[in-house]
Amino acid sequence: PLVHTWSLSVEEQIYLLLPIILIVTILGNRKFNQSSSVIQKKTASVFLIITVMSFISFMTPRVLQPLYFVLKVNIPNDLSFYLPLNRIWQFCLGGLAFLLVGLYGHFKNRFHKLKSLLQLLVLIFILAPFHSDYKTNSLFASCLSVMIILFNTLDALPKSMISGLKWVGDRSYSIYL
């Protein structure tokens with residue numbers, strides 16, 4: 001009955017791993033007296049590499065089959081279910097979006113019509129009554145989150161829906177637990 005709590009252990013692993021990666025990246029670049037924008041760009045590059053590698057692993061788990069064979073893992077699905085490798089892309093994607101906002105300013109006033117349309121399409125897809133697999137849903141939820149970070153808004157939605165989403169958001173972690 002507690003299988004849904006698997007994500008908590010994955011999150012904790014990511015919360016331990018990402019700060020170490022950030023510290024090594026930032027301190028390694030500060031050693032060479034580089035400007036903060038150069039450090040941000042290099043950190044964004046590290047996040048991009050992690051995102052791409054993890055996303056490939058998430059979408060095509062067979063990529064890691066040779067590693068599972070070497071480690072003598074008999075049930076690779078269990079390993080990928082409980083380790084952060086297949087999920088860290090979502091965290092790094094959010095970090096990458098945050099760094100892009102810091103590097104290039106807010107995207108809120110740019111691409112206004114496109115932004116509203118994309119947000120609405122992604123939200124409709126997530127909330128639509130048709131069934132899709134968890135990978136597709138994860139991808140669209142991550143895209144919506146990135147758009148919210150980049151554009152710093154959900155103004156494509158009616159105000160009543162935004163207030164409802166805020167209400168659920170304030171309580172969602174408690175509801176989840």
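1. Is Ser 7 buried or exposed? Ser 7 is buried, because its relative accessible area is 14% and the cut-off for buried is under 20%. The model discussed here is a predicted one. Ser 7 belongs to helix α1, which covers residues 6–30. Along the chain, Ser 7 and Tyr 82 are 75 residues apart, yet their C-alpha atoms are separated by 7.8 Å.

2. Overall make-up. The protein has 8 helices and 0 strands. Read from the N terminus, the order of elements is therefore simply α-α-α-α-α-α-α-α. The chain counts 177 residues, and 29% of them are buried. The accessible surface of the protein is about 11,900 Å², with 70% of that belonging to carbon and sulfur atoms.

3. Contacts along the sequence. Take the contacts between residues at least 6 apart in sequence: 74% of these join residues at least 24 apart. The pair Ser 7 and Tyr 82, 75 residues apart along the chain, has already been mentioned.

4. Helices α2 and α5. The axes of α2 and α5 come within 8 Å and cross at roughly 155°. The two helices are therefore roughly antiparallel to each other, as angles over 145 degrees are counted that way. Their crossing is left-handed.

5. Residues between α2 and α5. On the α2 side the contact is made by Ser 37, Gln 40, Lys 41, Thr 43, Ala 44, Phe 47, Leu 48, Ile 50, Thr 51, Ser 54, Phe 55 and Phe 58. On the α5 side it is made by Ile 88, Trp 89, Cys 92, Leu 93, Gly 95, Leu 96, Leu 99, Gly 102, Leu 103 and Tyr 104. By type, the residues of this contact of α2 with α5 are 14 nonpolar, 7 polar and 1 charged.

6. Helices α5 and α7. Helix α5 spans residues 88–104 and helix α7 spans residues 134–151; they pack at an angle of about 20°, with their axes 9 Å apart. That angle makes α5 roughly parallel to α7, because angles under 35 degrees count as roughly parallel. The crossing of α5 and α7 is right-handed.

7. Residues between α5 and α7. Helix α5 contributes Trp 89, Gln 90, Leu 93, Gly 94, Ala 97, Phe 98, Leu 100 and Val 101 to the contact. Helix α7 contributes Ser 138, Leu 139, Ser 142, Val 146, Ile 149 and Leu 150. The residues of the contact of α5 with α7 comprise 10 nonpolar, 4 polar and no charged.

8. Helices α2 and α7. Helix α2, residues 36–59, packs with α7 at an angle of about 155°, and the axes are 11 Å apart. That makes α2 roughly antiparallel to α7. Phe 55, Phe 58 and Met 59 in α2 meet Tyr 134, Lys 135, Ser 138 and Leu 139 in α7. The contact of α2 with α7 divides into 5 nonpolar residues, 1 polar and 1 charged.

9. Ser 138. This residue is in helix α7. Ser 138 is buried, because its relative accessible area is 11%, against a cut-off of under 20%. Apart from neighbours within four places in sequence, Ser 138 is in contact with Phe 58, Arg 87, Trp 89 and Gln 90. For Ser 138 and Gln 90, the separation is 48 residues in sequence and 8.4 Å in space, C-alpha to C-alpha. Ser 138 takes part in the contact of α7 with α5 and in the meeting of α2 and α7.

10. Ser 142. This serine also lies in helix α7. What is its relative accessible area? The value for Ser 142 is 8%, so Ser 142 is buried. Leaving aside neighbours within four places in sequence, Ser 142 is in contact with Trp 89, Gln 90 and Leu 93. Those residues of α5 are listed, like Ser 142 of α7, in the contact between these helices.

11. Ser 145. Helix α7 holds Ser 145 as well. Ser 145 is partly exposed, because its relative accessible area of 37% lies between the limits of 20% and 50%. Ser 145 and Leu 93 are 52 residues apart in sequence, and their C-alpha atoms are 9.2 Å apart in space.

Key:
Residues are numbered from 1 along each chain as its sequence is written. This is a predicted model: local features need pLDDT of at least 70, side-chain atom pairs count only at pLDDT 80 or more; totals for chains, interfaces and linings use all residues. Side-chain values use heavy atoms; hydrogens and water are left out. Axes are lines fitted to C-alpha atoms, for helices over the stretch in contact, and angles run from 0 to 180 degrees between N-to-C directions. Helices (H or I, at least four residues) and strands (E, at least two) are DSSP runs, numbered from the N terminus. Angles under 35 degrees count as roughly parallel, over 145 as roughly antiparallel, 65 to 115 as roughly perpendicular and the rest as oblique. A crossing is left-handed if the near helix is turned anticlockwise from the far one by less than a right angle, and right-handed if clockwise. Contact means heavy atoms within 4.5 Å. Ala, Val, Leu, Ile, Met, Phe, Trp, Tyr, Cys and Pro count as nonpolar, Asp, Glu, Lys and Arg as charged, and the others, Gly among them, as polar. Buried means under 20% relative accessible area, exposed over 50%, partly exposed in between (1.4 Å probe, protein chains only). Accessible areas come from the Shrake-Rupley method with a 1.4 Å probe; for residues, only the protein chains shown count as cover.
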